[in-house]
Amino acid sequence: MQDPFSGIGKMLILLGASIAALGLLVLLVQKSGGNGWLGWFGHLPLDLHIEKENFRLYFPLGSSIVLSIILSLVIGLINKFFR
């Protein structure tokens with residue numbers, strides 16, 4: 001019989017590593033001033049920008065697709081190694 005706390009331990013390690021990775025990403029984006037190696041994010045071909053007199057719309061469709069693909073790959077790798 002498996003220890004019920006072993007799954008919780010793995011989940012906490014994964015959560016901590018995810019938070020640390022997110023923190024590093026935020027620091028890198030701040031240091032680059034938004035125009036560094038992540039300056040392209042939010043300016044992809046499918047990102048819609050509509051500005052009129054009293055109306056502004058920003059719909060980041062292209063960036064959302066790229067982010068979805070990256071997160072799917074990361075979650076797939078995590079599932080492969082932790083199951």
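Strand S1 (residues 47–51) and strand S2 run antiparallel and are joined by 5 bridges. Strands here are DSSP runs of E with at least two residues, numbered from the N terminus, and two strands pair if DSSP finds at least two bridges between them. A hairpin of 4 residues links S1 to S2. This is a predicted model, in which local features need pLDDT of at least 70 and side-chain atom pairs count only at pLDDT 80 or more, while totals for chains, interfaces and linings use all residues. Residues are numbered from 1 along each chain as its sequence is written, and side-chain values use heavy atoms, without hydrogens and water.

Asp47 lies in S1 and stands opposite Pro60 in S2. Asp47 is buried but has no salt bridge. Buried means under 20% relative accessible area, exposed over 50%, and partly exposed in between, with a 1.4 Å probe and protein chains only. A salt bridge needs a side-chain nitrogen of Lys or Arg within 4 Å of a carboxyl oxygen of Asp or Glu. For Asp47, the nearest side chain of opposite charge is Arg56, 15 Å away; Lys and Arg count as positive, Asp and Glu as negative, and His and the chain ends are not counted.

Phe59 sits in S2 (residues 56–60). Phe59 counts as partly exposed because its relative accessibility is 44%. Phe59 is 11 residues from Leu48 in sequence, yet their C-alpha atoms are 5.0 Å apart.
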